[in-house]
Amino acid sequence: MTHRDLTLSFLALALTATLLAPAAMGSDKPGHSQHGSAFDSGMRQKPWRMAGIGTAHFPVTTQIPEVQEWFDQGNALLHSFWFEEAERSFRWALKLDPDSAMAYWGLARTGLNWFARGPVDTPEFQRYMDFLKEAIRRKGSVTPRERLYIEAWELAFTGPVEERQRTLIAKLQQLVLKFPDDIEAKSLLALFSIGEGSALGTELVLQQVLAQQPDHPGAHHYRIHNWDGIASEQAIESCRRYGVIAPNVGHSNHMPGHIYSKIGMWKEAARSMDAATRVELRYMNERLALPFESWNFAHNRNYLCHIQEQLGMPEASIRGARDLLAAPRDPERNKDDNYNAFDQGLIALVRALVKFERWEEILKPEAIPWRDLDSDKNTRAWAETLAYIGQGRVVDAKFRLGEWKSSLRDQAAKDKDQGDGGAYGPQTGRVNAAAGLLKVAEGDLVAGTALLGEAAERERALREADKYENDPPIDAWPVTRILGDIYLAHGDLRLAIEAYDKALELEPNDAFSLSGLARAHFAAGEREQAENYYGRLLYVWSDAEPGLVWRQTADGLGLTAPSAKSTPAEERPYSPETLSALGSLDWEPYAAPKLDGRDSDGNRVRLEDFRGKNVLLLFYLGEECVHCVEQLIAINGRESDWELANTVVLAMSSASPEKNKKSEKLGKLPLRLLSDRDHENARRFASYDDFENIELHSTILIDTQGRVRWKRTGGEPFKDVDFLIKTVAQMNSPPGSTDKSARSDTP
C-alpha cells in the first residue's frame, strides 16, 4: 500500500477530528465563528514566524506586505504536507487582508490537496469547498497568473471526480507554459503528476525547479514521493537534502526514512525516523498538543520501532511501542481506527514480540492490552497461535487456530465483504502461515510448506497490487523468510537459500535473512558466500542488543569476515543519544502553562497551590452561555467522585470576581469560579481565538505534578463526565498498571 494511500486515510481522520465542534453560523452561539462554520474548526491561535521549514515564495496580490510573508510561510508548509499549520498562516493572512482571494485559495488547498482523490461533497471537506467558493468569488481582484491557480482548483474540485487529476495537471501545465519562470506552478505540476504517468517525466520538471532554487522544499519532497517504491535509490540525494532544508518539519525527516527503509539503509532510516519523532514531539509540546491531536507522532514512532527491529534493537522497539500505548486517548478523535497512538503502539508491540519470538510474553496475561475488537481478536489469535507453536505446545496451537478460524467465519457472516477474497478474508495469509507452521510442528513438512507457500504467494500478489500494508509493515516478517528458516532447519539448503534470497528482495539487508543465508551457505560448504552474508550481518547489527539468537548462531560458525556494508550509499551510524538535542523521543505529559486568577472573594489562585492534587480546569464563556452552565452543573454533580479521585475543579471565565460571587446560576456551586483578566490565562492555555478575539470552551485535566494529561478545546463544552472520571483514574494508576477500569481507552 502506497504512502499516499495510507496518508490519505490518516488525513481523512485528521480532517474529521477538526470537525468535532458542531457547525454553526453567526454570533448567537458563544465560542463559534462570526464568519460561519468553515471557521469553527482548525487552528484558532495566531501563527508565529517559523524557522527551519524551507523557503517557497509565491507572489500574491495584496496591499499589505505582511500578508505576503504569511502566505509564503503557509505555502512552504503546504510543500511539506503540514496542512494544519499552513491553515494557521493563511488564516492570519486573511485576518490582515479580509478580501484576499489567494488567502482563501491557500485555505482551500489545506484540504483540497494531493490526497483528496475521492468525493468532496462530504462533511469533512465542506469547509475547504467553502474556502474555495470565497476564492472564486474574488478571483477578479487578482492577476491573470493567480486567477489561473484559482480556476484550476475550481474546475478540478467542482467537476467529475474521475477527471480531477487530469484537470489539475492540464491547468497547471497551462500555467507553466504561460509563466515559464513560475517554479511554484512547476512544483505543483510535478506533485499532481506523481503516479499518473512517467516518473522520469516528473523528475525532469522537478529538475527545472531545482535548477532555479536548489533548496526548494517541495521539489525535494516530491522527488522522494516520485521515486518511492519505483526506483527508490534515485531519491537518495533529495533524502539527504530535505531534512537539512526543513529541519523543523517532522515530515521532512520522516519521508527520507521511507526511501532508506526500502533500499536497506537501516541506520540512515533510523536517524531519519528518530529525528522525525523528536521534532514532531517537540512541536506538540511547544504548541500544547497531545498525541491524539496529531497522527504524525504515532506514525513516526511506530515506523521507528520497525526500523529498530531491523537493527536488532528489540528492547528499544518495545519501549517505543509501550510509550504509544500509554499515550492519552480521546473518545472522539483518533478512535479505534488503526492510526491513533494506541493502535500504532499495539501494532508495533505485537510485531516486535513475534519477530523476536518472545512467546512467553505474548501468552502472559495482561502483557498486551487487547480490546474487544475484531481487529484485536484476529491479531491476538495469530500471535498466540504462533506462540504456542514456538513453545512446542502443538495441541494448544491447534485449538487456538481452530478458535480463530471459527471467529473469522462469524465475522464473515456479519460482513459480506471478504476483502481480498480469500477463505478468511484479509486474514487468509496469516491463517495459512500459522496453519503451515503448525503442520510443520506436527511433522508434516510437505503440507506445512505448501500452506506457507500459499501465504507467501498471497503476500507477493498484495505487494504487486500495492495492497500490502507496509508503512510500516504490520506483519513481523515476509513469509518467505519463515520458509527459509524451516528449510534450513530440515536440511533443505538450496530451498532455504532460495527463500532467504526472495526475502532479501522484499526487505533489503534484513539481518534475519542474512543470518539464515550465512548459516545455509556454511552448511552447504560454501564458506566464501557464508562469510559474505555474515559480514553484512555484522554491519547491519553492529549496534544490536546482545543475546539475539540469530547473531549468536551465526557467530558460532567460526567465520572471520569483517563487517561489510551493502548499501547504495554511505550511511551514518545510528545512536539515539546523538539525536537527543532535537528533543525527547518518548511522550510525556507537558507542563501546564501558568495559571493565575482570582476567586469570587478576590483571592489569588495559582496552579501550584494544588500541587499533589489533580486539577480539572474549565474555561467557560460565562453564565450567559447555556451550554457552559449545563457542563458546570453536570461536573459539579459528581462532587464525590472528584473528591475520591483527589481532584479539584476550577472553572475560569472573564467574569469579574464580583460577578462570579453574585451569579444566581453559578455562585452557589461548590466548584471554584475564577476570574481571568483580559483572557490572559485563556491565551496561555490556547483557549482563545486570536483570529476573531473570542473565548473558547476548554476542558483540561492536569495531574498532581502540574502536567497536562488530556484536553479538549472548541466551540462546544465537553460534557462526557464519565470519560473525565475514567481518565483521572488512569492518571492516578501507577505507571504500567493493567487495571482496565482505569484505562480511558477501554470501550
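Predicted model: local features only at pLDDT ≥ 70, side-chain atom pairs only at ≥ 80, totals over all residues.
**View 1. Helices α3 and α4 pack against each other.** This one zooms in on α3, covering residues 83-96, and α4, covering residues 101-109. Angles over 145 degrees count as roughly antiparallel, so that's what α3 and α4 are to each other. The crossing of the two is left-handed. On the α3 side, the contact is made by Phe83, Glu87, Phe90, Arg91, Ala93 and Leu94; α4 brings in Ala103, Tyr104, Gly106, Leu107 and Arg109. Sorted by class, that contact has seven nonpolar residues, three charged ones and one polar one.

**View 2. Helix α15 is mostly covered.** Here we're looking at residues 314-325, a 12-residue helix. From first C-alpha to last, α15 reaches 16 Å, close to the 16 Å expected at 1.5 Å a residue. Nine of the 12 residues in α15 are buried: Pro314, Ala316, Ser317, Ile318, Gly320, Ala321, Asp323, Leu324 and Leu325. And what covers those buried residues? Included in the cover are α14 (295-310) and α16 (341-355).

**View 3. Glutamate 459 is buried in this model.** You'll find glutamate 459 in helix α21, which covers residues 445-464. Buried means under 20% relative accessible area, and glutamate 459 comes in at 6%, so it counts as buried. Leaving out residues up to four places away in sequence, glutamate 459 touches Tyr468, Trp477, Pro478, Val479 and Leu506.

Definitions and conventions. Residues numbered from 1 in each chain as written. Heavy atoms only, no water. Axes fitted to C-alpha atoms, helices over the stretch in contact; angles between N-to-C directions. Helix = DSSP H or I, 4+ residues; strand = E, 2+ residues; numbered from the N terminus. Parallel < 35°, antiparallel > 145°, perpendicular 65-115°, else oblique. Left-handed = near helix turned anticlockwise from the far one by under 90°. Contact = heavy atoms within 4.5 Å. Nonpolar A, V, L, I, M, F, W, Y, C, P; charged D, E, K, R; others polar. Buried < 20%, exposed > 50% of the residue type's maximum accessible area, 1.4 Å probe, protein only. Expected span 1.5 Å × (residues − 1).
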